[in-house]
Amino acid sequence: LVKSIAHEYDKELRQLENDLRRQTDTELAKLNANLSKELELARLKLGPYSSSQFTAYNEIWVNLLKLKESMRKLRGYGGEGDLHPFVNQLILVYELLDKNALLIAPKEYDELKFIMNEFLNFRMDKEILFQLFKDKQSGDPVSQEEINSFLAKTQNTRGRLENKIDELRHIMRKQIAAET
């Protein structure tokens, strides 16, 4: 009698375990299906944004490097002829920033705006330097000290900009990695 009752309880216990396992598996399958559905919806919503954001970051980065290269051509006193391509590239990057402002994370946008203002300051100092050098060549009273001061200032700005661009590369990489 005891063995018979124990056998019945064991049978019922196995049945309950099987029922619980089936119920748990069914619930788990439903949760996985819902999770997959939600992930796919998120991908569909963010996909175009992420793709557009990556394109914007890449376009800005490529043109920022072109700006950096055109800045490097403006070394020393000479290179005034290279100022026009530098200014055109500067304008292009400003336009890209404005065009893509909604796609750029606020921190990176602020950093890019700061860098662009530094490039603008570099341009103005370089124009002053070119004018001082022209004035000196034409015999106007311009001190070499003043020329050297602007030369040092533009070299210092160029160094700061190159460092800032390197920092920005790391920031942009992190932002792109976080979005994908």
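How many helices and strands does the secondary structure of the chain come to?

**Figure 1. The chain as a whole.** The secondary structure comes to four helices and zero strands, where helices (H or I, at least four residues) and strands (E, at least two) are DSSP runs numbered from the N terminus. From the N terminus on, the elements run α-α-α-α. This is a predicted model, in which local features need pLDDT of at least 70 and side-chain atom pairs count only at pLDDT 80 or more, while totals for chains, interfaces and linings use all residues. Residues are numbered from 1 along each chain as its sequence is written, and side-chain values use heavy atoms, with hydrogens and water left out. Of the 180 residues, 29% count as buried, a word that stands for under 20% relative accessible area, whereas exposed stands for over 50% and partly exposed for what lies in between (1.4 Å probe, protein chains only).

**Figure 2. The largest nonpolar core.** A nonpolar core is a set of buried Ala, Val, Leu, Ile, Met, Phe, Trp, Tyr and Cys residues joined through side-chain atoms within 4.5 Å. The largest one has 28 residues, and those with the most contacts inside it are Leu-64, Leu-67, Phe-86, Met-116 and Phe-119. Two or more residues are given to this core by each of H1, helix H2 (83-99), H3 and helix H4 (144-179), and the largest share, eight residues, comes from H2. In soluble globular proteins, nonpolar side chains tend to be buried together.

**Figure 3. The surroundings of Phe-86.** Not counting residues up to four places away in sequence, Phe-86 touches Leu-67, Ser-70, Met-71, Leu-74, Phe-119, Phe-122 and Arg-123, where a contact means heavy atoms within 4.5 Å. A second, separate core of six residues includes Leu-129, Leu-132, Val-142 and Ile-147.

**Figure 4. Glu-118 in helix H3.** Glu-118 is found in helix H3, which covers residues 106-137, and Glu-118 counts as buried because its relative accessibility is 13%. Leaving aside neighbours within four places in sequence, Glu-118 is in contact with Thr-157, Arg-160 and Leu-161.

Figure 5. Leu-1, Ile-5 and Tyr-9 make a nonpolar surface patch of about 400 Å². Accessible areas come from the Shrake-Rupley method with a 1.4 Å probe, and for residues only the protein chains shown count as cover. Ile-5 has its place in helix H1 (residues 2-72) and is partly exposed, with a relative accessible area of 41%.

Notes: Patch = residues over 30% accessible without salt bridge, like charges linked within 9 Å, V, L, I, M, F, W, Y side chains within 5 Å. Salt bridge = Lys/Arg side-chain N within 4 Å of Asp/Glu carboxyl O.
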